[in-house]
Amino acid sequence: LFGTLARKLPLPDTTAAGSSSSDQSSSSRSSSSLLQVEHLAAIGEMQLSLLLTMKHNGAVEKSQAGFLWLCERLLQSSSSSLSSLPGVWLNSCLARVRQEGQ
């Protein structure tokens with residue numbers, strides 16, 4: 001579900017916040033999206049957590065597809081705050097793999 005939402009809904013326009021326009025107009029443009037940067041980060045972290053803890057192959061397969069769609073969409077974003085999220089999640093996975101006992 002979250003992967004489909006990330007594919008279909010418009011991403012937040014985070015470039016408006018750094019422009020020289022008034023704060024009111026930039027906040028209204030960045031808030032026009034249903035999904036904000038914080039929501040997308042939380043969705044990705046939750047999906048990653050599910051992927052790392054689930055044991056049922058079918059559930060892992062479905063969750064993997066949604067996580068992939070989310071990452072693809074974020075990587076295509078021109079916003080650095082969005083396109084950097086998959087890298088953060090990858091680093092988290094690599095750190096987990098490097099832990100003792102993995």
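This is a predicted model: local features need pLDDT of at least 70, side-chain atom pairs count only at pLDDT 80 or more; totals for chains, interfaces and linings use all residues.
**Exercise 1.** Determine which residues of α4 are buried and how they are placed around the axis.

Solution. With buried taken as under 20% relative accessible area, the buried residues are S63, G66, F67, L70, C71 and L74. They cover an arc of only 135° around the axis, so they lie on the same side of α4. The face turned away from that side carries the exposed residues N57, E61, K62 and L75. Packing against the buried residues of α4 are α1 (2–8), α3 (37–53), α5 (80–83) and α6.

**Exercise 2.** Classify the crossing of α4 and α6, and describe the contact.

Solution. The axes of α4 (residues 57–75) and α6 (residues 85–98) come within 8 Å and cross at roughly 130°. That angle makes α4 oblique to α6. Helix α4 contributes F67, L70, C71, L74 and L75 to the contact, and α6 contributes L85, P86 and W89. By type, the contact residues are 8 nonpolar, no polar and no charged.

**Exercise 3.** Repeat the span and burial analysis for α3.

Solution. The 17 residues of α3 should span 24 Å, and its end C-alpha atoms are 24 Å apart, which agrees. Buried residues of α3 are V37, L40, A41, I43, G44, Q47, L48 and L51. Their arc around the axis is only 160°, which puts them on the same side of α3. The elements covering them include α1, α4, α5 and α6.

Terms used:
Residues are numbered from 1 along each chain as its sequence is written. Side-chain values use heavy atoms; hydrogens and water are left out. Axes are lines fitted to C-alpha atoms, for helices over the stretch in contact, and angles run from 0 to 180 degrees between N-to-C directions. Helices (H or I, at least four residues) and strands (E, at least two) are DSSP runs, numbered from the N terminus. Angles under 35 degrees count as roughly parallel, over 145 as roughly antiparallel, 65 to 115 as roughly perpendicular and the rest as oblique. Contact means heavy atoms within 4.5 Å. Ala, Val, Leu, Ile, Met, Phe, Trp, Tyr, Cys and Pro count as nonpolar, Asp, Glu, Lys and Arg as charged, and the others, Gly among them, as polar. Buried means under 20% relative accessible area, exposed over 50%, partly exposed in between (1.4 Å probe, protein chains only). The arc is that of the directions from the helix axis to the C-beta atoms. The expected span of a helix is 1.5 Å times one less than its number of residues.
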